[in-house]
Amino acid sequence: MANEPIKAARYVSIPEAVALLHASAVVALPTETVYGLGANALDPRAVARIFEIKRRPRHHPLIVHLADADHMLGYAEVTPAAWSLAERFWPGPLTLILPRGPLALPMVTGELPTVGLRVPAHPATHAVLTALGAGIAAPSANRFGHISPTTAQHVAADLGAEVDGILDGGPCDVGIESTIVDLSGETPAVLRLGAISPESIAETLGREVSLRTHAEGGRATAPGQLSSHYAPRADLELWPRDEIDARARSLSNRKVAVLTDADLGTTSQSWAKNLYAALRAADAGKPDLILIPTPPPGALTRAIHDRLGRASAPRTESMMEHPVIGPSRSKAR
Ligand code: TXA
Ligand code: MG
């Protein structure tokens, strides 16, 4: 993908981004997690273009990004649990799934009775949201099934001139997609792991939270649950760091790329921040195989393992059980 010529992308300012969104255009926007492909959430024509540009199946719901937690009203039936998570974690890398309200268009929710909402932390996108005065529906700004973009240049490489504008806000701080919590059912459930841990959600809610990060019965509730999501072109293998060089040598008949601390850093935070850029860079050399060391222990390690598992699916498919995480088990975030 990165070896294909980059089609001319148009970089825009904050006021230009707002004007484009008012005019039913689609604009790539920075967030603290990954770049989003944004359209005015109240404009069906603009939202339809997101699906065309991404080549994304229509039934996959989009997250609505908001300037402020108060703006949830109208888009969703806001529960006390939602207010408490919003107060603790927004702006930040957390998406709440709630029963939809009248402002949540069926096209945005994939016809589901629920809607995903998030207040992102990036100042440029906050300025766009405030000036627009509406929510912005945005999936990650990559082609469907490909690795999420963490720089404006990744967006340009994936979508080029098909997107009407790209607002360059620099590299994303967190680097992997938001934690998704479904508050629409009996028990709160984490649908996607991210920088906000299930334990810190359980602690804030004062109740148990279940983990539903893999689809049951083959149907994904969230497309992020698809096994082979977030995938580079090459195969991916995870190895303990003291065995990785030997593994690379044993593959002398294949073209191998090896990721190191120089690409990823030494903490789980630096790994999350650098992972997608490193996979894209490695993939650009068209290797048969990318070898990656086991991530260091830390707050984001589980979420990194989750993404690496999906990036290497179906070979390293690891179906999780459905553990329940209680508020008292850990205070780690
Ligand atoms: O960090 C993020 O969440 C980024 C930035 C741009 O905000 N967005 C992102 O969007 O990752 P996307 O579309 O690539 O992934 C959103 C996930 C999908 O797996 C989707 O199925 C799920 O959120 N989702 C959205 N609305 C939902 C709903 N009503 N019920 C269940 N899952 C939902
Ligand atoms: Mg995505």
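## Gly-38

Gly-38 counts as buried because its relative accessibility is 0%; buried means under 20% relative accessible area with a 1.4 Å probe, protein chains only. The model is predicted, so local features need pLDDT of at least 70 and side-chain atom pairs pLDDT 80 or more, while totals for chains, interfaces and linings use all residues. Residues are numbered from 1 along each chain as its sequence is written, and side-chain values use heavy atoms, without hydrogens and water.

Strand S2, residues 36-40, contains Gly-38; strands are DSSP runs (E, at least two residues) and helices likewise (H or I, at least four), numbered from the N terminus. Leaving out residues up to four places away in sequence, Gly-38 touches Leu-21, Ala-25, Val-26, Val-27, Ile-50, Ile-136, Ala-137 and Ala-138, where contact means heavy atoms within 4.5 Å. Ile-166 is 128 residues from Gly-38 in sequence, and their C-alpha atoms are 9.8 Å apart.

## The cavity

There is one cavity of 30 Å³ or more, a cavity being a set of points on a 1 Å grid over the protein atoms alone where a 1.4 Å probe fits but cannot get out. The largest cavity holds about 50 Å³, a volume being the space filled by probe spheres set on the points. Leu-29, Thr-31, Gly-36, His-65, Pro-120, Thr-125, Ile-136 and Ala-138 line the largest cavity, each with an atom within 4 Å of a point.

## The whole chain

The chain has eleven helices and 14 strands. It has 333 residues, and 56% of them count as buried. Among contacts with a separation of 6 or more, 70% join residues 24 or more positions apart.

Technical notes: Chains are lettered from A and ligands numbered from 1 in the order in which they are written. On a 1 Å grid over the protein atoms alone, a cavity is a set of points where a 1.4 Å probe fits but cannot get out, and a pocket is an open set with protein on both sides within 12 Å along at least five of seven lines; lining residues have an atom within 4 Å of a point. Buried means under 20% relative accessible area, exposed over 50%, partly exposed in between (1.4 Å probe, protein chains only).
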